Amino acid sequence: MNDDNRDPLLLTPGPLTTSAETKQAMLHDWGSRDQSFIDATQNVRDALVDVSGGGDAFTAVPVQGSGTFAVEAMVGTFLPKDRKLLIVVNGAYGHRIAKICDYMARRYTVLETPEDTPPDVGAISRTLADDPDISHVVVIHCETTSGILNPVEDIAAVVAAANRRLLIDAMSAFGAIPLDLSRIPCDAVAASSNKCFEGVPGMGFVLCRKAALEETKGNAHSLSLDLFDQWQAMEANGQWRFTPPTHVVFAFEAALKAHAREGGVDGRFARYSENCSVLVEGMRAFGFEPLLSHNLQAPIIVTFKMPSDPKFVFQTFYDRLKDRGYVIYPGKLTVAESFRMGCIGHLDADNMRGALAAVEQTLTDMGVTSGAP
Ligand SMILES: *Cc1c(COP(=O)(O)O)cnc(C)c1O
């Protein structure tokens, strides 16, 4: 995938490399109360519900800002003020939700496993049985901290069995990793424009089960992050309550069309999976070791353990790869030194092979003979 674009390719968890078509969709100005913008917003909302498989039972409520704004809006809108949230944590994004609850002064319990370990589904079930105050559970689909794929279907089943409600932060997975809302019992899923949909950054959205959203009036701690109010206003006149990110919406509309043309979630999953295997096999050949075993790894972002060779200096490695046209990502693990390389965005297997060639040249320049940890 080469758009004759001289920008470095972003092997990161977002913002990502976008197509020329998506960038070109932004080369106009629109009035926020104009019908063409109202139509674009509606197209985006409809396309998101289509991708989710949720049908008429669901609605997509957009929210200005980055993904965290959408997560904060989801938790603040769905969790009643007098109830409690169970947060399933195995990385930084789970911890971020706990911090959001601290700011909002909402009660929560954390159930944590290490960053390379899936959640303990049995422990979730026991915690729900022991604590009747917990009304909602929140889980991260792909924990971008490590790249681990969490078993949301199994978690959804125990949450439903305990008669509680599920919220999902699917920020780095939605659009590329199957999550069929016609089968998975959950009230809300948060994601954003700039990850697996390959749009530009600037808006999040929450797919909400309408029957659950109807019950949320008065829950929100924040006017701008009240999904109920945003939804009511949008249903009434098709408009956003406050200044919308007009260019982002048009870029997102173009990106969603490309997503559908590629074959939707299945098509994107196939391309990202190939990107991921090319990357992992190539890096292994240089001695690098991924943190996660194949069965835990989502085809989104790969964490590599830091090489032990003293000649390997991450900042130098990063800078030289950037000079060669590839931007990688620092690690975010608390348990071990690491760095990350993403396989999402407007990139294909040839781009990944290009990145591997740049890694090989860079290792040679640095005098590093193996990437082994
Ligand atoms: C990217 C991401 C977010 C949101 O991050 P922002 O920087 O606010 O866009 C939330 N959760 C997960 C799992 C993510 O990958």
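Modeller: A polar contact is a pair of N or O atoms within 3.5 Å. The model above is a predicted one, and an example from it comes from the ligand: one of its oxygen atoms is 2.7 Å from an N or O atom in the side chain of lysine 195.

Biologist: How much of the ligand's accessible area does the protein cover?

Modeller: On its own the ligand has 380 Å² of accessible area, and the protein covers 86% of that.

Biologist: Which residues are around the ligand?

Modeller: They are Ser66, Gly67, Thr68, Tyr93, Arg96, Ile140, Cys142, Thr144, Asp169, Met171, Ser172 and Lys195. By class, this shell divides into 4 nonpolar, 5 polar and 3 charged residues. Helix 3 (67-78) and helix 4 (92-104) each supply at least two of the shell's residues.

Biologist: Next, the nonpolar core. Which residues of the largest one touch the most other members?

Modeller: A nonpolar core is built from buried residues joined through side-chain atoms within 4.5 Å. The largest one here has 43 residues, and those touching the most other members are Leu166, Ile168, Phe174, Leu179, Val189 and Leu207. Helix 9 (residues 246-261) gives the largest share of this core, 6 residues.

Biologist: What does leucine 166 touch, beyond residues up to four places away in sequence?

Modeller: Leucine 166 touches Val137, Val139, Ile155, Ala156, Val159, Pro185, Cys186, Asp187 and Ala188.

Biologist: Is threonine 12 buried or exposed?

Modeller: Buried means under 20% relative accessible area. Threonine 12 has 5%, so it is buried. Threonine 12 is found in the loop between strand 1 (9-10) and helix 1 (20-24). With neighbours within four places in sequence left aside, threonine 12 is in contact with Ile301, Val327, Ile328, Tyr329, Gly342 and Ile344.

Biologist: Which backbone atoms lie by a polar atom of the threonine 12 side chain?

Modeller: One is the backbone nitrogen of glycine 14, at 3.3 Å from a polar atom of that side chain. Another is the backbone oxygen of proline 15, at 3.1 Å from a polar atom of the threonine 12 side chain. The peptide bond from glycine 14 to proline 15 is cis, with omega near -5°. Proline 15 is also in the loop between strand 1 and helix 1.

Biologist: Is lysine 84, a charged residue, buried or exposed?

Modeller: Lysine 84 counts as buried because its relative accessibility is 15%, and the limit for buried is under 20%. Lysine 84 is found in strand 3 (residues 84-89). Its side chain is joined to that of aspartate 131 by a polar contact of 2.7 Å. Among the other residues that lysine 84 touches are Leu79, Arg107, Tyr108, Asp133 and His136.

Biologist: How should I read backbone angles, and which residue other than glycine has a positive phi near 55°?

Modeller: Take each residue with its angle and its place in the chain. Alanine 105 is the residue with phi near 55°. Alanine 105 lies in the loop between helix 4 and strand 4 (107-112). With a relative accessible area of 66%, alanine 105 is exposed, because exposed means over 50%.

Biologist: What is the phi of glutamate 198, and where is this residue?

Modeller: Glutamate 198 has a positive phi of about 65° although it is not a glycine. Its place is in the loop between strand 9 (188-192) and strand 10 (203-209). At 5% relative accessibility, glutamate 198 counts as buried.

Biologist: Where is serine 222, and is it buried or exposed?

Modeller: Serine 222 is in the loop between helix 7 (210-213) and helix 8 (227-237). Its relative accessibility is 17%, so serine 222 counts as buried. A polar atom of its side chain lies 3.1 Å from the backbone nitrogen of leucine 225.

Methods
Residues numbered from 1 in each chain as written. Predicted model: local features only at pLDDT ≥ 70, side-chain atom pairs only at ≥ 80, totals over all residues. Heavy atoms only, no water. Buried < 20%, exposed > 50% of the residue type's maximum accessible area, 1.4 Å probe, protein only. Helix = DSSP H or I, 4+ residues; strand = E, 2+ residues; numbered from the N terminus. Contact = heavy atoms within 4.5 Å. Polar contact = N/O pair within 3.5 Å; in protein donor to acceptor, adjacent residues only side chain to side chain. Near = heavy atom within 4 Å. Areas by Shrake-Rupley, 256 points an atom, 1.4 Å probe, with all protein chains shown as cover. Nonpolar A, V, L, I, M, F, W, Y, C, P; charged D, E, K, R; others polar.
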